[in-house]
Amino acid sequence: MVGYDPKADDRSISKLEVAVSGSVSGLVTRALISPLDVIKIRFQLQIERLSHRDPSAKYHGILQAGRQILREEGPTAFWKGHIPAQLLSIGYGAVQFLSFEMLTELVHRAGVHRARDFSVHFVCGGLSACVATLAVHPVDVLRTRFAAQGEPKVYKTLRAAVATMYRTEGPLVFYKGLNPTLIAIFPYAGFQFSFYNSLKHVYEWVTPAEGKKNGNLKNLLCGSGAGVISKTLTYPLDLFKKRLQVGGFEQARASFGQVRSYRGLLDCARQVLREEGVPGFFKGLSPSLLKAALSTGLVFFWYEFFCNLFHRVREADS
């Protein structure tokens, strides 16, 4: 069960076990969906249209991009920035799920709203994601830089990247894109948690009694649905975040096509609208939706799996 449930006190696990479950679910999921994440970031950063009719466009489709990256950079390119990405996933998963558990329990103890309400899960999910984002945003910037660079590499190692970025751009470089990230992550995570809970209720309602025994399938499907809905509703802000995070990194982007500099969130939105039109706000949406379905479904699936595992181990020991 995701979040505090007063009716399941007998199945509760410790806060440490909640954090570990969140970390492991993030770790496993990140390893599986990294190739889609790399393709999504390449799409988001491309100024040219994602169309084969544009001769200057480097990428124009998921399969074409996958083949081209494989041919030009080799299979390891799909896991570029994987170490900072894993650090991001482990830290983010632990902080987010632990914060969500504590916030929903706090709401229940305060007696203001029911802990399982849609609105409670939306607000607590958004706040927990903001806390997690503040904790791991520097790692997210590093992950984006590694995934965005082509050949020859600007950053050879994680340590070199940190040193170079700090020396040339100052400490605030590690919080580039923070404003659109926080603006985007609050509704995105809020919708994830609230729709996940709601879709589970819908699943229970439409599924025959014999089909309800497969809880793992329910968690996977409902998580995937929540991911697709959430990503579609908040996608433009994710694109702005990626564009801002690679500011000052233009030399490594030259081989991919045109590059732009943005003075902030509003300037980024205006330039994208003026040069790329409304479709520019949704560049990379198709791999993003595929990634969101897989990643959100797998995160909730593995989180619930490990929480149940901890509970079964505790029962066996008692």
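A: Phe97, Phe100, Phe193, Tyr196, Phe300 and Tyr303 are joined into a cluster by ring pairs. Rings of Phe, Tyr and Trp (its six-membered ring) pair if their centres lie within 6.5 Å, and planes under 30 degrees apart count as stacked, over 60 as edge-to-face and the rest as tilted. The model is predicted, and local features need pLDDT of at least 70, side-chain atom pairs count only at pLDDT 80 or more, while totals for chains, interfaces and linings use all residues. Residues are numbered from 1 along each chain as its sequence is written, and side-chain values use heavy atoms, with hydrogens and water left out.

Over the whole structure, the search finds 18 aromatic pairs. One of them joins phenylalanine 301 and phenylalanine 305, which are stacked because their ring centres are 6.4 Å apart and their planes stand at 15°. Helices (H or I, at least four residues) and strands (E, at least two) are DSSP runs, numbered from the N terminus.

Buried means under 20% relative accessible area, exposed over 50%, and partly exposed in between (1.4 Å probe, protein chains only). Phenylalanine 301 counts as buried, because its relative accessibility is 16%. Phenylalanine 305 has a relative accessible area of 29% and is therefore partly exposed. Phenylalanine 305 also pairs with phenylalanine 306: the ring centres are 5.3 Å apart and the planes stand at 85°, so this pair is edge-to-face. With a relative accessible area of 19%, phenylalanine 306 is buried.

The packing of H6 and H9 comes next. Helix H6 (residues 178-206) packs against helix H9 (residues 285-317) at an angle of about 65°, and their axes are 12 Å apart. Axes are lines fitted to C-alpha atoms, for helices over the stretch in contact, and angles run from 0 to 180 degrees between N-to-C directions. Angles under 35 degrees count as roughly parallel, over 145 as roughly antiparallel, 65 to 115 as roughly perpendicular and the rest as oblique. H6 and H9 are therefore roughly perpendicular to each other.

Their crossing is right-handed; a crossing is left-handed if the near helix is turned anticlockwise from the far one by less than a right angle, and right-handed if clockwise. On the H6 side, Tyr188, Gln192, Phe193, Tyr196 and Lys200 meet Ala292, Thr296, Phe300 and Glu304 of H9. Contact means heavy atoms within 4.5 Å. By class, five nonpolar, two polar and two charged residues make the contact of H6 with H9. Here Ala, Val, Leu, Ile, Met, Phe, Trp, Tyr, Cys and Pro count as nonpolar, Asp, Glu, Lys and Arg as charged, and the others, Gly among them, as polar. Phe193, Tyr196 and Phe300 take part in this contact, and the cluster of ring pairs includes Phe193, Tyr196 and Phe300.

Valine 299 also belongs to H9. Leaving aside neighbours within four places in sequence, valine 299 touches Ser25, Thr29 and Phe97, and Phe97 is one of the residues in the aromatic cluster.

Four nonpolar, one polar and four charged residues form the contact of H1 with H7.

H1 also packs against helix H2 (residues 62-73), at an angle of about 100° and with the axes 10 Å apart. H1 and H2 are therefore roughly perpendicular to each other. The residues in contact are Val38, Ile39, Arg42 and Phe43 of H1 and Ile62, Ala65, Gly66, Ile69 and Glu73 of H2. By class, six are nonpolar, one is polar and two are charged.

Past H7, valine 246 lies in the loop between H7 and helix H8 (265-276). Valine 246 counts as buried, because its relative accessibility is 9%. Valine 246 and lysine 176, 70 residues apart in sequence, are 8.2 Å apart in space, C-alpha to C-alpha.
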